[in-house]
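Morning, everyone. Let me put the model on the screen, and then I'll walk you through it.

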Amino acid sequence: MSRVYNFSAGPAVLPEEVLKEAAEEMLDYRGTGMSVMEMSHRSKAFEEIITTAEQDLRDLMGIPDNYKVLFLQGGASQQFAMIPMNLMKNRVADYIITGQWAKKAAKEAEKYGKVNRIASSEDKTFSYIPDCSDLPVSEDADYVYICENNTIYGTKFKELPNTKGKTLVADVSSCFLSEPVDVTKYGVIYGGVQKNIGPAGVVIVIIREDLITEDVLPGTPTMLTYKTHADARSLYNTPPAYGIYICGKVFKWIKAQGGLAAMKERNEKKAKVLYDFLDQSKLFKGTVVPKDRSLMNVPFVTGNADLDAKFVKEAKEAGLENLKGHRTVGGMRASIYNAMPYEGVVALVDFMKKFEEENL
């Protein structure tokens, strides 16, 4: 069986070179006589894996010294609670709602304080990013929260909101390492790794040191306090060791590709092939306002649910997997993360052209 082109939104495609390398090391990691899966997280070999992974991520993103990098568990969804527990000193936060995940994060934060939804694009099924240049940011807000790339709806903040001096917190799960980033503009950047970086089970949190304190909300569990993990360098308890090891390999792979600037160029080239086709297609159409389009997630529809289902079925038969759209949008969605090769997007567009000719 040859490998398919996997357009899944997550867990998603990983670089083939990384998978092959991991396969070669599965039974014996560098002469240790054991797999990383079996290795103590307190061992010298694992210490080196996690230290190198962190350093490579710092190099890629240009993470300043006054930010901590934490490898945690619980996925991005656990951060929906962890963020207010650790940051809501005044018990007030502002949320910008651009999709399901921001909605869920805001709802979770309401358990801990007052949540102001200061902008939303729900009026048009989250098909655009609202103007965030002059928002009614609350004077007593502890932070302003965004989901920077919306996996389900295929939108992306091209400009960060004007937070009027308030700390910006961003969920970057589905655009992590897809382009260069100025870390200093954020207080917290976090994301589940299973879309663009590694296997499910790891969430990476990049957090400015002044936001890591013992002054957390009463009742916050030890495991949900950033300081616990920062002080223990992500080794307070057994971390998701194998997942971190794969993330480390992906960081090395991105470095070898030329870093984040090269990634952005590759991603723009891939996305252009698909968006250019959608813009002239008579059968398929994209669902997002062009200026807010994501480079990572591309939703599209035919306007006919039966035809959509037929497309997904026939695409699967042609080796193009996981193209069914999210139930809240319908239609199709192609997730074209860093590890999706250019050839995969070309194969998808070629198939779409053929399908259009046969079904118009």
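First, a term. Axes here are lines fitted to C-alpha atoms, for helices over the stretch in contact, and angles run from 0 to 180 degrees between N-to-C directions. Helices (H or I, at least four residues) and strands (E, at least two) are DSSP runs, numbered from the N terminus.

Now the ground rules. This is a predicted model, where local features need pLDDT of at least 70, side-chain atom pairs count only at pLDDT 80 or more, and totals for chains, interfaces and linings use all residues. Residues are numbered from 1 along each chain as its sequence is written, and side-chain values use heavy atoms, with hydrogens and water left out.

Helix pairs, then. Helix α6 (residues 241-257) packs against helix α7 (residues 259-280) at an angle of about 80 degrees. Their axes are 7 Å apart. That makes α6 roughly perpendicular to α7. On the cut-offs: angles under 35 degrees count as roughly parallel, over 145 as roughly antiparallel, 65 to 115 as roughly perpendicular, and the rest as oblique. Which residues make the contact? From α6 we have Trp253, Ile254, Lys255 and Gln257. From α7 we have Gly259, Leu260, Ala262, Met263 and Arg266. Contact means heavy atoms within 4.5 Å.

α6 has another partner, helix α2 (residues 44-61). Their axes come within 9 Å and cross at roughly 40 degrees. That makes α2 oblique to α6. The crossing is left-handed. By definition, left-handed means the near helix is turned anticlockwise from the far one by less than a right angle, and right-handed means clockwise. The α2 side of the contact includes Phe46, Ile49, Ile50 and Leu57. Among the α6 residues are Ile244, Tyr245, Phe251, and again Ile254 and Lys255.

Next pair: helix α8 (residues 305-317) and helix α9 (residues 342-359). The axes come within 11 Å and cross at roughly 130 degrees. That makes α8 oblique to α9. This crossing is right-handed. Leu307, Lys310, Phe311, Glu314 and Ala315 in α8 meet Leu348, Phe351, Met352, Phe355 and Asn359 in α9.

On to the sheets. Two strands pair if DSSP finds at least two bridges between them.

Take the β2 end. β2 and strand β10 (residues 203-208) run antiparallel, joined by 6 bridges. Leu70 stands opposite Val205 in β10.

Now the β4 end. Strand β3 (residues 92-97) and strand β4 (residues 114-120) run parallel, also with 6 bridges. Ile96 faces Ala119 across that pair, standing opposite it. The chain gets from β3 to β4 through helix α4 (residues 100-109), in a right-handed β-α-β crossover. Right-handed here means that, with the strands pointing away from the viewer, the path from the first strand over the helix to the second runs clockwise.

The other sheet to show has 3 strands, open, in the order β11-β12-β14, with antiparallel pairing. β11 (285-286) and β14 (332-335) are the edge strands, pairing on one side only. Strand β12 (residues 297-301) and β14 share 4 bridges. Phe300 stands opposite Met332 there. α7 comes back here: it packs on this sheet and touches β11, β12 and β14. Its direction makes about 20 degrees with that of β12.

Two backbone details. Most residues other than glycine have a negative phi, and most peptide bonds are trans. The bond from Gly10 to Pro11 is cis, with omega near -5 degrees. Pro11 lies in the loop between β1 (5-6) and α1 (16-24). Leu177 is not a glycine, yet has a positive phi of about 60 degrees. Leu177 is in the loop between β8 (168-171) and β9 (188-192).

Last, the record. UniProt, in an unreviewed entry, places "domain: Aminotransferase class V" at residues 4-348. UniProt positions are in the numbering used here, feature names are shortened, and annotations may be inferred rather than shown by experiment. The same record's "binding site" feature covers Ala76, Ser77, Trp101, Thr151, Asp171, Gln194, Asn237 and Thr238. These span 163 residues in sequence, and the farthest two C-alpha atoms are 30.5 Å apart, so they do not all gather at one spot. Ser77 is in helix α3 (residues 75-87).
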